[in-house]
Amino acid sequence: MNHLLRERAPITPEMWKQIDEEATSHVSVALGARKLVDFAGPFGWEYSATSLGRVGAGVASPVADVTARSRQVLPLAELRADFPLSREELETGTRGAEDVDYDALDAAALNIARVENAAIIDGWSEVGITGILQATPHEPIVLGEDPRDFALRVAAAVAALRDAGIGGPYGIALGEDAWINVQGGSDRGGAPLLTHLGRILDGPIVWAPGISSAVVLSTRGGDFLMESGQDLAIGYAQHDASVVDLYLQETFSFRVVTPEAAIAIV
């Protein structure tokens with residue numbers, strides 16, 4: 001038995017498999033930001049901090065001629081999204097029902113994805129994460145009122161990165177509204193916007209719900225680093241006669257190595 005305590009839940013192995021598949025199908029779509037950065041791990045639940053390769057100032061020790069310096073680390077953030085599942089619905093699933101109500105799980109998966117995306121792109125100072133848009137020295141590129149100009153702004157962002165010596169390929173993270181505009185929009189020449197962006201970027205175009213602004217960044221590698229301790233997993237909290245309380249949980253850190261490798265479009 002591990003810390004997730006899944007063995008204590010009144011859930012059959014077959015239903016656990018179905019629950020895990022449902023969660024995976026939702027978070028794999030919504031976790032857009034991590035698809036644009038370097039991902040390392042998972043290193044396990046016990047993994048608590050990322051080494052920064054640096055040390056603090058030297059301090060004296062009780063013995064003459066001996067000094068000490070503390071290693072600098074970035075603690076991992078621990079995220080948890082609780083949700084209930086109906087025991088009646090779970091029992092229905094054991095009979096082979098194809099329409100088990102997983103709405104609460106789906107909502108929790110989207111919520112935790114929003115938090116991870118926002119931490120990577122916008123930052124989360126309370127847990128020590130400096131986001132990509134907090135770190136970049138570039139002035140944001142203003143979209144303007146006409147969504148047909150979006151491809152021009154993305155091209156300008158790529159040009160700015162190249163001028164800064166940042167090579168490609170490039171990718172873009174889009175919030176919910178921007179994603180809708182890109183999926184259904186066209187440029188001033190009438191070409192599908194998604195196709196035009198693909199030619200400009202030569203890299204991934206991802207849906208990243210929860211972020212405040214679109215961001216264009218290099219995906220060449222080595223610029224943005226995410227470490228996973230425990231990747232997203234479902235644990236058991238408690239149950240009564242009608243409801244099983246579960247949760248989605250993950251631990252991760254994120255750091256920006258090359259601030260110049262990203263630029264916002266607002």
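Predicted model: local features only at pLDDT ≥ 70, side-chain atom pairs only at ≥ 80, totals over all residues.
Visitor: Why is Asp65 called exposed?

Guide: The cut-off for exposed is over 50% relative accessible area. Asp65 has a relative accessible area of 84%, so Asp65 counts as exposed. You will find Asp65 in the loop between strand 3 (59-60) and strand 4 (67-68). Asp65 also has a positive phi of about 70°, although it is not a glycine.

Visitor: And what makes Asp202 exposed?

Guide: The reasoning follows the cut-off of over 50%. The relative accessibility of Asp202 is 60%, and therefore Asp202 is exposed. Asp202 sits in the loop between helix 7 (193-201) and strand 8 (205-207). Its phi is near 60°, a positive value in a residue other than glycine.

Visitor: Why are helix 6 and helix 7 called roughly perpendicular?

Guide: Let's start with the angle: helix 6 (residues 176-184) and helix 7 pack at about 100°. Angles of 65 to 115 degrees count as roughly perpendicular. The angle of about 100° falls in that range, so the two helices are roughly perpendicular to each other. Their axes are 6 Å apart.

Visitor: Which residues make that contact?

Guide: Helix 6 brings Asn181, Val182 and Gln183, while helix 7 brings Leu193, Leu194 and Leu197. Of the residues in this contact, 4 are nonpolar, 2 are polar and none is charged.

Visitor: What makes strand 8 and strand 13 edge strands?

Guide: Picture the open sheet of 4 strands, in the order 8-7-9-13, with mixed pairing. Strand 8 and strand 13 each pair on one side only, and that makes them the edge strands. On average, neighbouring strands of this sheet are turned by 20° against each other, direction ignored.

Visitor: How do you know that strand 9 and strand 13 pair?

Guide: Two strands pair if there are at least two bridges between them. Strand 9 (residues 214-218) is joined to strand 13 by 4 bridges, so the two count as paired. These strands run antiparallel. Across the pairing, Val215 stands opposite Ala264, and the bridge partner of Leu217 is Ala262.

Visitor: What is said to cover both faces of strand 13: are its residues buried or exposed?

Guide: On one side of strand 13 (residues 262-265) are Ala262 and Ala264, and on the other are Ile263 and Ile265. All of them are buried, a word used for residues under 20% relative accessible area. Both faces of the strand are therefore covered.

Visitor: How do you know that Ser86 caps helix 2?

Guide: Look at the N-terminal end of helix 2 (residues 87-94), where a side-chain oxygen of Ser86 lies 3.2 Å from the backbone nitrogen of Glu88. Just after helix 2, Gly96 takes a positive phi of about 100°.

Visitor: Where are the cis peptide bonds you mentioned before we began?

Guide: One runs from Gly41 to Pro42, with omega near 5°. Pro42 is in the loop between strand 1 (38-40) and strand 2 (49-55). Another joins Gly168 and Pro169, with omega about 5°. Pro169 is found in the loop between helix 5 (150-163) and strand 7 (170-174).

Key. Residues numbered from 1 in each chain as written. Heavy atoms only, no water. Buried < 20%, exposed > 50% of the residue type's maximum accessible area, 1.4 Å probe, protein only. Polar contact = N/O pair within 3.5 Å; in protein donor to acceptor, adjacent residues only side chain to side chain. Axes fitted to C-alpha atoms, helices over the stretch in contact; angles between N-to-C directions. Parallel < 35°, antiparallel > 145°, perpendicular 65-115°, else oblique. Contact = heavy atoms within 4.5 Å. Nonpolar A, V, L, I, M, F, W, Y, C, P; charged D, E, K, R; others polar.
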